[in-house]
Amino acid sequence: MNRIETIVVVGGGLAAGRAVQELREQGFEGRIVLFASERHRPYERPPLSKGYLMRAEPLEKGFVHPADWYDAHGVDLRLGTPVTGLRPDQHLVAAAGEDLAYDRLLLATGASPRRLALADESGAPVAYLRTIEDSQHLRQRLAPGLRVVIVGGGWIGLEVASAARTAGCEVTVVETLTKPLLRVLGSEVADVFLRLHEEHGVVFRLGASISGVESRGTTSVVHLEDGTDLEADLLVAGVGVSPNADLATAAGLDSDNGILVDEHLRTSNPDVFAAGDVANAHHPLLGRRVRVEHWDNAIQQGRAAARSMLGDPEPYARLPYFFTDQYDLGMEYVGHVGPEGYDDVVLRGDVAGRVFTAFWLSGGKVIAGMHANDWDAIDPVRRVVSAGSVDLGALRDSSVPLADLA
């Protein structure tokens, strides 16, 4: 391998922060330059929709490293400096009007919220949640009696709903599907979250389509196709994100729903890697490409990409993992159902009391599992999902301890 003297990392999120840390921990002594388009040092995003938004945690807790860590570890951190171009054939990145040469490049450019076009075109104020400033804006607005309409019943939409109800807001969630989180969890477990939020006073408009959005001064009016009008003092859009792959695509790197990478997180150019929300990676255990938009993946892929850039031959094979906290329900999920879906789900424990585990099966194999409020269960859940093939009779028998299944 050619000597590696300079590694450039593009992106100011969790994957980037963990990547530069791993480079130093692996003994890399060369130059590291980290370009962040935001003016904040690398930070985690979960607190923005959870602890910080709920006023339960300080913002400082979300930063990957203390402010002095980068200088102390010889990382050239360039904040508020977006990379404007890549020339992989020449090993150059362009930023702030100059070109910088690299030996290895990591793209950790993340993702951006999908826009709610009807609101943007109407001029009605609409809030999105991705950055520190987005979270600060919502945090300042949430107050008793505020009418909040949330478009989208996914994780961000429901976490904002939880924070808004906790703050005393009136909350309505508009979702095109028949249940929130239906695509992620399936009908059986989606019911749990639907009931949870309804018990806390959230009103759902399910199977609903928006026909228009109108601005009336400081109020937004959401028109539904069934003729219902929803007035909002605060309109929040949580309709998913799109990977920030434009920089890679313009540079000729292979992209499709993100930047395409192999099991070593290497792109179509051998000296360019990608990690985090933007990476559409071949997963050696799942046997297909997976793009994961969650906290754990950003940490672990950032670290794995750093090791790959230094020549580590170990593929990235960690199963996808995510978590959420809503009201008094905390859950952790391991695995990936995939586009083919599942054909069975096994529920164990007290589903009504929201202390249970769930396993999704396809073709008689476990492909994903989760627990709700059963904090000792995550390790055995992970082992069951990793094993894939287990005794299904024992899995369905709640008297058999999870630890005995795999």
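Grid points are joined across faces, edges and corners, and a volume is the space filled by probe spheres set on the points. By this rule there are two cavities of 30 Å³ or more. The lining of the largest cavity consists of Ala 281, His 282, His 283, Val 290, Val 292, Asn 297, Gln 301, Tyr 316, Arg 318 and Pro 320. Two or more of these residues come from each of β19 (279–283) and α9 (295–309), and β19 gives the most, with three residues. Helices (H or I, at least four residues) and strands (E, at least two) are DSSP runs numbered from the N terminus. By class, this lining has five nonpolar, four polar and one charged residues; Ala, Val, Leu, Ile, Met, Phe, Trp, Tyr, Cys and Pro count as nonpolar, Asp, Glu, Lys and Arg as charged, and the others, Gly among them, as polar.

The second largest cavity holds about 50 Å³ of space. Tyr 43, Glu 44, Pro 47, Leu 48, Tyr 52, Pro 58, Leu 59, Gly 62, Phe 63 and Ile 132 form its lining, with eight nonpolar, one polar and one charged residues.

## The second largest pocket

A pocket is an open set of points with protein on both sides within 12 Å along at least five of seven lines. The second largest pocket contains about 290 Å³ of space. Of the 17 residues that line this pocket, Leu 285, Leu 286, Val 366, Ile 367 and Val 385 lie nearest its centre. Strand β25 (365–372) and helix α10 (378–387) are the elements that give two or more residues to the lining, which comprises eight nonpolar, six polar and three charged residues.

## A β-α-β unit

Strands β10 (residues 170–175) and β11 (residues 203–206) run parallel and are joined by four bridges; strands pair if DSSP finds at least two bridges between them. Together with helix α7 (residues 182–199), the two strands make a right-handed β-α-β unit: with the strands pointing away from the viewer, the path from the first strand over the helix to the second runs clockwise.

## Basis of the model

Residues are numbered from 1 along each chain as its sequence is written, and side-chain values use heavy atoms, with hydrogens and water left out. In this predicted model, local features need pLDDT of at least 70 and side-chain atom pairs count only at pLDDT 80 or more, whereas totals for chains, interfaces and linings use all residues.

Note on methods: On a 1 Å grid over the protein atoms alone, a cavity is a set of points where a 1.4 Å probe fits but cannot get out, and a pocket is an open set with protein on both sides within 12 Å along at least five of seven lines; lining residues have an atom within 4 Å of a point.
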